[in-house]
Amino acid sequence: MLVLLAIGAVAFAALGLGLSGYVRSAEGSSAVVNFVYLPMAIISGTFFTPKEYPGFLRAIAEVLPLTYFTKATRDVMVRHQHIWSVAGSLAIVLGWGVVA
């Protein structure tokens, strides 16, 4: 679980730094990150299950890194799977972090 959380922290920190690098002020970067993070958290299934979403929202959720991180965390923490069983999800999260 700690390895999973460390990978997620590094990847999402890179995403945040990459995104806030385009904004000139601290106040503006906070607003931009919240503008991106809150919809991503809702769409990706962190608060609600995306199974009931319309097709276009499910398609967006399939692209977001938080969808895969949430799934991996849930599988490891709740379903007691090993970290290598969620390697595909971790690869997607790491890919987003590398791109950022």
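Which backbone oxygen lies 2.8 Å from a polar atom of the side chain of Ser 44? Here is a friendly walk through the structure, with that question taken up in point 2.

1. Before you start. This is a predicted model, in which local features need pLDDT of at least 70 and side-chain atom pairs count only at pLDDT 80 or more, while totals for chains, interfaces and linings use all residues. Residues are numbered from 1 along each chain as its sequence is written, and side-chain values use heavy atoms, with hydrogens and water left out.

2. Ser 44 and its polar partners. The oxygen in the opening question belongs to the backbone of Met 40. Ser 44 also has a polar contact of 3.3 Å with Thr 46, side chain to side chain. A polar contact is a pair of N or O atoms within 3.5 Å; within protein, one must be able to donate a hydrogen and the other to accept it, and residues adjacent in sequence count only if both atoms are side-chain atoms.

3. Where Ser 44 sits. Look for Ser 44 in the loop between H2 and helix H3 (55-61). Helices here are DSSP runs (H or I, at least four residues), numbered from the N terminus. Ser 44 counts as buried because its relative accessibility is 3%; buried means under 20% relative accessible area, exposed over 50%, and partly exposed in between (1.4 Å probe, protein chains only). Leaving out residues up to four places away in sequence, Ser 44 touches Pro 50, Ala 61, Leu 64, Leu 66 and Thr 67. Contact means heavy atoms within 4.5 Å.

4. Thr 67 belongs to helix H4 and is buried, at 13% relative accessibility. Its side chain reaches the backbone oxygen of Ala 61 at 2.6 Å. Apart from neighbours within four places in sequence, Thr 67 is in contact with Ser 44 and Ala 61.

5. The largest nonpolar core. In soluble globular proteins, nonpolar side chains tend to be buried together. The largest core here has 15 residues, and Leu 4, Leu 66, Phe 69, Val 86 and Val 93 touch the most other members. Helix H1 (2-20), helix H2 (26-43), helix H4 (65-77) and helix H5 (87-99) are the elements that give it two or more residues, and H4 gives the most, with 5 residues. A nonpolar core is a set of buried Ala, Val, Leu, Ile, Met, Phe, Trp, Tyr and Cys residues joined through side-chain atoms within 4.5 Å.

6. Phe 69 up close. Which residues does Phe 69 contact, leaving aside its neighbours within four places in sequence? They are Leu 4, Leu 5, Gly 8, Phe 12 and Val 93.

7. Gly 97 in helix H5. Gly 97 is found in helix H5 and is buried, with a relative accessible area of 14%. Beyond its neighbours within four places in sequence, Gly 97 is in contact with Ala 11 and Ala 14.

8. Salt bridges. Side chains of opposite charge can pair when their charged atoms come close. The structure holds 2 salt bridges, where a salt bridge is a side-chain nitrogen of Lys or Arg within 4 Å of a carboxyl oxygen of Asp or Glu. One joins Lys 71 and Asp 75 (2.8 Å, N to O), and another joins Arg 79 and Asp 75 (2.6 Å, N to O), so Lys 71, Asp 75 and Arg 79 form a network of salt bridges. Lys 71 and Asp 75 are about one helical turn apart because they are 4 residues apart in helix H4. Is each of these two buried or partly exposed? Lys 71 is partly exposed, at 42% relative accessibility, whereas Asp 75 is buried, at 4% relative accessible area.

9. His 80. Most residues other than glycine have a negative phi, and most peptide bonds are trans. His 80 has a positive phi, near 55 degrees. His 80 lies in the loop between H4 and H5 and counts as exposed because its relative accessibility is 66%.

10. Leu 2. Finally, Leu 2 is in helix H1 and is exposed, with a relative accessible area of 72%.
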